[in-house]
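Visitor: I would like to learn how to read the features of a structure such as this one. Could we go through it together, beginning with the arrangement of the chains?

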2 protein chains.
Amino acid sequence: MRSGQPITYPGTNERSAGGGRPTSRREEILTAAGALFAESGYHATSVRDIAGRVGVQAASLYAHMQSKEELLFAIVDRVADEFVTAIVPIAADHARPAAIRLRAALRRHLEVVARNLPTATVYFHDWRSCDPARRAAIVQKRDTYEAAWRSIIADGMAGGELAPGDPKIAALTWLSTANWFATWYRPEGALDPGALADNFADLLLKGLMSR
Amino acid sequence: MRSGQPITYPGTNERSAGGGRPTSRREEILTAAGALFAESGYHATSVRDIAGRVGVQAASLYAHMQSKEELLFAIVDRVADEFVTAIVPIAADHARPAAIRLRAALRRHLEVVARNLPTATVYFHDWRSCDPARRAAIVQKRDTYEAAWRSIIADGMAGGELAPGDPKIAALTWLSTANWFATWYRPEGALDPGALADNFADLLLKGLMSR
DNA sequence: CCTACCGATCGGTAGG
DNA sequence: CCTACCGATCGGTAGG
């Protein structure tokens with residue numbers, strides 16, 4: 001064995017040397033873990049379960065992750081970022097009517113969930129299992145996200161476009177519909193996320209009573 | 001030791017012999033388990049954690065339960081029954097306006113959650129960890145509950161009181177608000193469950209747009 | 001990437 | 001209700 005060279009074992013690298021897909025082993029592990037956590041929950045999934053789905057031994061995963069919990073955080077944090085990224089431009093777009101912005105925000109939210117169904121499920125279900133410091137970072141992103149919703153509603157109320165009221169309570173009806181979506185949505189359903197978002201936005205904006 | 005008599009060890013009975021509170025040891029265990037499952041999740045809570053909160057050894061719990069999973073089911077099933085019991089009379093009350101019935105159903109739902117906050121949290125979060133046969137019973141009760149909501153909405157749409165539409169989609173906005181409530185409600189908040197239900201019902205019936 | 005292995009902890013049982 | 005204990009499994013490390 002040569003000395004002075006870092007010792008590398010097969011597959012220890014971030015990307016496989018074979019130049020096939022650009023998806024790194026780390027991404028494969030995140031996908032496998034996301035699917036398993038979504039199916040059974042974080043605590044009911046073992047490191048060996050994840051390894052089995054990836055097709056390696058449990059110990060081999062530790063070349064690509066610090067711990068099982070770090071894996072959970074990576075999944076949850078990425079989804080949190082997707083939500084924030086989706087709403088930031090809508091929250092900044094003060095020129096358009098609040099109703100249009102709320103409709104767009106709901107659509108983007110449902111699309112983020114649908115596009116990341118396993119990991120979005122983990123985000124809502126298992127974020128509490130992150131260790132305290134990391135959990136605080138998640139809570140901060142969630143707070144940022146919810147504040148953006150409230151600000152859109154507050155804009156609409158201030159301009160008289162929306163009925164006066166407490167933006168916090170109003171935002172909760174939108175966020176409830178948006179967040180609960182991850183618990184029941186299945187891609188096999190008749191309506192796609194965009195159509196569902198439009199239906200929900202109509203109901204939330206106009207109400208269920210006939211006029 | 002006399003033979004022909006069942007051997008009983010202290011505390012093995014369903015109710016303590018001391019005639020104090022009518023709360024049985026079994027109820028104590030359910031309360032302790034409910035609190036711990038709500039705090040950390042079913043799989044992250046050990047039988048020893050539950051025993052520690054009750055103040056006995058882990059092995060002693062098995063005089064009052066078949067298994068940890070049976071305890072989970074007992075908690076979840078009871079909450080499922082509370083929801084069904086709350087909505088049955090409202091769903092049967094075809095004479096009153098749908099808007100009034102929806103408002104009542106939402107209020108009852110939020111009150112069930114608030115009155116059983118730890119166990120309602122477990123109901124929504126950990127029902128999937130029940131074993132398959134028992135989980136099916138829970139799903140059936142949940143389906144019954146959701147069907148009752150849809151029937152109230154269908155009544156209102158058929159009578160022209162509510163705007164025409166898909167009762168399933170409309171029910172989802174109410175159920176989302178109702179079910180998501182368990183994730184954020186804290187009794188220290190400014191509004192009680194009844195006031196919150198009224199605010200949410202106003203928004204869902206009349207919509208967020210000003211008229 | 002693997003084999004081999006660690007101490008800790010798990011749900012649950014035996015038996016009185 | 002307890003003590004004593006079981007086999008299984010856990011997340012993770014050593015070392016190549």
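**The axis and the two copies**

Guide: Of the residues of chain A, A:Gly207 comes closest to the rotation axis, with its C-alpha at 1.8 Å. Please keep in mind throughout that this is a predicted model.

Visitor: How should I read the relation between chain A and chain B, in terms of a turn and a shift along the axis?

Guide: The general idea is that two copies of a chain are related by a rotation about an axis and a shift along it. Here, chain A can be laid on chain B by a turn of 180° and a shift of 0.0 Å along the axis, with an RMSD of 0.0 Å. That is the relation of a two-fold axis.

Visitor: Why do the copies meet through the same surface?

Guide: Because 100% of the interface residues of chain A are also interface residues in chain B, the copies meet through the same surface. To this contact chain A brings 36 residues and chain B brings 36 residues.

Visitor: How much area do chain A and chain B bury between them, and which residues of chain A supply more of it than any other three?

Guide: Buried area is what the two parts lose in accessible area on being put together, summed over both. Chain A and chain B bury about 3,300 Å² between them, with 68% of it on carbon and sulfur atoms. A:Trp180, A:Leu208 and A:Met209 supply 22% of the area that chain A buries against chain B, which is more than any other three residues.

Visitor: Which helices of chain A each supply at least two residues of the side that touches chain B?

Guide: They are helix H5 (117-126), helix H6 (132-158), helix H7 (167-184) and helix H8 (193-206) of chain A. H7(A) gives the most to that side, with eleven residues.

Visitor: How many salt bridges and how many residue pairs in polar contact are there between chain A and chain B?

Guide: The count of salt bridges between chain A and chain B is zero, whereas 13 residue pairs, both residues at pLDDT 80 or more, are in polar contact across the interface.

Visitor: Is B:His109 buried or exposed, and what does its side chain make a polar contact with?

Guide: Buried means under 20% relative accessible area, so B:His109, at 1%, is buried. B:His109 is found in helix H4 (residues 98-115) of chain B, and its side chain makes a polar contact with the side chain of B:Asn179 (3.5 Å). Leaving aside neighbours within four places in sequence, B:His109 is in contact with residues including B:Phe83, B:Phe124 and B:Tyr145.

Conventions
Residues are numbered from 1 along each chain as its sequence is written. Chains are lettered from A and ligands numbered from 1 in the order in which they are written. This is a predicted model: local features need pLDDT of at least 70, side-chain atom pairs count only at pLDDT 80 or more; totals for chains, interfaces and linings use all residues. Side-chain values use heavy atoms; hydrogens and water are left out. Copies are superposed by least squares on the C-alpha atoms of residues with pLDDT of at least 70 in both. Contact means heavy atoms within 4.5 Å. Buried area is the accessible area (1.4 Å probe) that two parts lose on being put together, summed over both. A salt bridge is a side-chain nitrogen of Lys or Arg within 4 Å of a carboxyl oxygen of Asp or Glu. A polar contact is a pair of N or O atoms within 3.5 Å; within protein, one must be able to donate a hydrogen and the other to accept it, and residues adjacent in sequence count only if both atoms are side-chain atoms. Helices (H or I, at least four residues) and strands (E, at least two) are DSSP runs, numbered from the N terminus. Buried means under 20% relative accessible area, exposed over 50%, partly exposed in between (1.4 Å probe, protein chains only).
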